[in-house]
Amino acid sequence: MTFRRFFVMVLIFILISSTAYGKTVIRWWGIVGGPQGEALKAIANKYMKLNPEVTIEMREGTLGLTDVAAFLAAISAKQTPELIYWDRFTVAEFAARGAFMPLDDFIASSKFIKTKDMYTYALKEASFKGHIYAVPQDAATHGLAININHYKEAGLDPSKPPKDFEEFIVYAKKLTKYDDKGNIIRCGIEASEYFNDPTPLVVLMKSVGADWVSIDGKKCTLNDPKIVNALDAIVRLCDTLGGRQKLQDFISAQEVMAGISYFATGLSSQYYRGGLWLLAQIKRVKPELAKDVKVFPSPPMPGGKPKAFMGGFSFVIPAGTPMDKAKEAFKFIEFCMSPENILEYEKASTKIIPYHSAINLTKKELEAKPQDFFAPHLWKDFLDLIRIGAPRTPTPFNFLIYSELKRAVDNATYHKMSPKEALDQAAAVIQKNLDEFYRKEK
Amino acid sequence: MSSFRKVQAIAGIVCAFPSILGFFFFVLGPAIASAYFSFTRYTVIEPPEFIGFENYKALISEDLFRVSFYNTIYLTSLGVLSTIVTSLVLALLLNQKLRGISIYRTIFFVPSITPLVANAVIWTLFLNGKYGLINYVLSWFGIKGPAWLADPRWAKPALIIMGLWGIGQSIVIYLAGLQGIPLELYEAAEVDGAGIIAKFKYITWPLLSPTTFFILITSTIAHFQMFVQPYVMTQGGPADATMTYVYLLYNKAFGWFKMGEACAMAWMLFILVIVLTLLQFYFSKKWVHYEIS
C-alpha cells in the first residue's frame with residue numbers, strides 16, 4: 001500500500017467517525033426475527049430518517065425467554081443498552097431484581113401511551129408491585145383454530161366447536177388419522193404445543209380460575225386440585241390419541257419444517273392455542289388453507305369459562321440508563337406506539353397492539369380496507385378474542401414456573417408420575433424459590 | 001546466564017506476555033471469581049450474598065441435580081467405552097495397505113471437523129422414529145427401531161450413537177499409535193506362530209496403551225461436558241432423560257437466576273474430573289506401557 005492510499009483511507013475513516021460524532025445513539029437489543037423483526041426495523045429506520053441526530057443501533061436476538069445470557073453479561077460489565085424489546089412474560093422477574101427502570105413517570109406524561117388505554121392483561125404483565133416496568137407493544141390473541149375440511153371429513157359440524165376440553169378430546173380422536181401400523185399421519189391436535197411448552201395447561205387452569213401463585217404471590221398453588229384436573233385431562237388427551245411417544249414421534253417427524261406449525265401445513269386439525277401469527281405461516285406455506293380455517297375461543301375445562309392469554313413483547317429500559325438517554329429511548333417508544341405506525345406494524349407482523357384505541361383503529365381499517373389484510377375473516381375472529389384475554393400472573397420466577405410445568409407435563413404424560421405427584425414436585429421447587437426470594441426481601 | 005540467553009528469555013516472555021495476560025484475565029480471574037460466587041446467592045443482576053456451603057447442600061438434595069448427574073455418568077461411561085472400542089476397530093481397519101486408503105481415512109475424519117450444532121441438527125433427522133435413516137436401515141433387517149429421541153428409554157443411547165459420528169480424531173490418534181509400532185515385533189511373533197488375536201493381545205494392545213490412556217482421559221472430560229446435543233436436540237427431554245450436568249448448569253445460570261448454584265456445579269464438576277483423572281493416572285501404572293523394552 002502506498003503512503004497516499006494509506007492517507008486517503010485514514011481520511012475516510014475520520015470522515016465516517018465524525019459523521020457519527022454528536023449524534024445520540026440508542027442501543028436497542030432484542031429485535032426478534034421474521035416479519036415481526038422486519039416491521040420493527042422499518043419503524044426504527046423511519047425514526048432515524050425523521051430524526052437524523054439519532055442513531056438506533058439494533059441487535060437481534062429474542063430477549064426475555066431465551067438469549068438472556070447477553071443481557072446478564074451486559075449487566076455484569078455495566079454495559080446495558082438503552083432499550084430492549086422484551087418478552088412480557090418475564091418482565092416481572094427482572095423488574096423484581098431491579099434490572100429495569102420503572103416507567104410510571106414517562107407514561108404519565110406520554111401523548112400516546114396511556115395506562116387506561118391498555119388492555120388489563122397486558123398492563124398486569126408489564127407491572128410488578130405497583131410499578132410499570134414495560135410498555136406493552138404487541139400481543140398475539142389466541143384461540144382454537146380449526147380446519148373446516150377436516151371437521152367435515154370426520155363427520156363433525158365446523159360451526160359447533162367442542163364446548164369444553166372433554167369434548168375437545170373426543171373431537172381430537174375423531175380427527176386423528178393413523179396408518180395401518182398405527183402411526184399418526186394426521187393429528188387431531190397441534191401436538192407440539194402440549195409438550196414444547198405448557199401453554200394449553202396454563203389456558204386450562206385460567207379457565208377454572210386457578211393460578212400458579214396465591215393472590216399475594218407468596219404461595220405456589222401449582223398443585224391446586226383444579227390444575228391437577230387440567231393436567232389429568234391433558235394426559236387423557238395424549239393417551240386417547242395413542243400415547244405420548246406416538247405423538248412425540250409424529251412431532252419429530254415434522255421437525256423438518258422447523259418453526260412451521262403442522263396446522264399451517266394441514267397435518268393437524270385443531271390448534272388449541274392458535275394465534276394471529278398462524279396467519280403469517282399459512283400465508284407462507286399454504287395460503288389456500290386460510291378460507292378453510294375458523295377460530296373460536298379455546299374450550300375450557302368443564303364448568304369453566306373460555307380464557308386466552310395474549311403473549312407478546314414490550315419495551316423496557318434497563319435500570320442505570322442515564323436519564324437523558326432514557327428520555328431519548330422513550331421518545332422512540334412513543335414513536336413506535338403512535339397511530340401512524342400501529343397499522344403498518346400489525347399488518348406486517350400479524351400481531352396486534354394491545355390498546356383499546358389501537359384495536360378500534362384496526363377494526364375500522366379491517367372494515368374499510370379488508371383487502372389490505374391477509375384472511376380478513378380470521379383477523380376479525382382473532383380480534384374478537386381479545387375480550388377474553390387473561391394475564392400470565394407476574395412473579396419473580398415465571399421462567400422457572402414454565403420449566404417446572406413443562407417437566408410436570410412430561411412426567412405425567414410419560415406416566416413417570418401421576419398428575420398430582422408431578423405438580424406436587426413442581427410446586428415444591430417453586431415454593432422453595434419463593435420462600436428464599438421473599439425471605440431475602442424482608 | 002549469558003547475555004544471549006538473557007535476550008532470548010526476555011524475547012520469550014515478551015512473546016508469551018499477551019497469552020499470559022489473557023490467561024490471567026479470561027481464565028484464572030473468572031475461575032477464582034466463580035469459586036467465590038459458588039459460596040454466594042448470586043443472580044448476576046443483584047450483588048452476591050455470602051451463604052457459605054448452602055449452594056452445595058441445596059444441589060446435593062435436589063432431584064434434578066441427581067438426575068442430571070446420573071445421566072452424565074451414564075453417557076460418559078458408555079460413551080467413552082464405545083468411543084474407544086469403535087475408534088480402535090476403525091483405526092485397525094484403516095491401517096491396512098489398501099488402494100485409496102487415504103480417501104477412506106478422510107471420509108472417517110470429516111464428520112469430526114463439522115460443527116457440532118450442524119451434526120446435532122442432522123442427527124435429529126437421522127434419529128427420527130418414523131422417517132429417520134437409522135430406523136430405515138434397521139427395517140432392512142426386520143427391526144422396528146424405537147422413537148429414539150422421543151422415548152425416555154432410548155434418548156441417552158441415541159446420544160451415545162450420535163457421539164460416534166465425531167470419533168474421527170480418536171481414529172487418527174489410534175492410527176498414529178498403530179503406525180508407531182515396529183513391524184519387526186509382528187514379524188517375530190509370526191515366526192513364533194502367533195495368530196491375529198495373539199498379535200493384537202500381546203503386541204498391538206499393550207503398545208497402544210498410552211494412546212488408549214490419552215483417549216480415555218480426553219474423552220471422559222469431553223463427555224462430562226456434554227451440552228450441545230441436549231441444547232439443540234432435546235432440551236433435556238424427554239422427561240429429563242437427556243438433562244446433562246452442563247445443560248442443567250446453563251439453565252441455572254442463565255434461566256433461573258441461580259448463578260451461585262451454577263458456579264458450585266462447575267466447581268463440583270472440576271473436582272470430579274480432577275479426581276477421576278488422578279485415579280486414571282494411578283491405575284494406568286498397571287496397564288499402560290510407555291516403552292518398548
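Reader: Which residue stands opposite Ser314(A) in strand 12 of chain A, and how is a strand defined here?

Author: Pro136(A) stands opposite Ser314(A) in strand 12 of chain A. Strands are DSSP runs of E with at least two residues, helices are runs of H or I with at least four residues, and both are numbered from the N terminus. The model is a predicted one, in which local features need pLDDT of at least 70 and side-chain atom pairs count only at pLDDT 80 or more, while totals for chains, interfaces and linings use all residues. Residues are numbered from 1 along each chain as its sequence is written, and chains are lettered from A and ligands numbered from 1 in the order in which they are written.

Reader: What makes strand 6 and strand 12 of chain A a pair?

Author: Two strands pair if DSSP finds at least two bridges between them. Strand 6 (residues 135-136) is joined to strand 12 by 2 bridges, so the two strands pair, and they run antiparallel.

Reader: Which way do the residues of strand 12 of chain A point?

Author: From strand 12 (residues 313-316), Phe313(A) and Phe315(A) point one way, and Ser314(A) and Val316(A) the other way. In a regular strand the side chains alternate between the two faces of the sheet. All of these residues are buried.

Reader: Why is His415(A) classed as it is?

Author: His415(A) has 13 C-beta neighbours inside 10 Å, so it counts as partly exposed. His415(A) lies in the loop between helix 19 (398-413) and helix 20 (419-441) of chain A, with a positive phi near 60°.

Reader: What is the class of Asn229(A), and why?

Author: Because 18 other C-beta atoms lie within 10 Å, Asn229(A) is partly exposed. Asn229(A) belongs to helix 11 (residues 225-241) of chain A.

How values were computed:
Buried ≥ 20, exposed ≤ 12 C-beta atoms within 10 Å, placed from the backbone.
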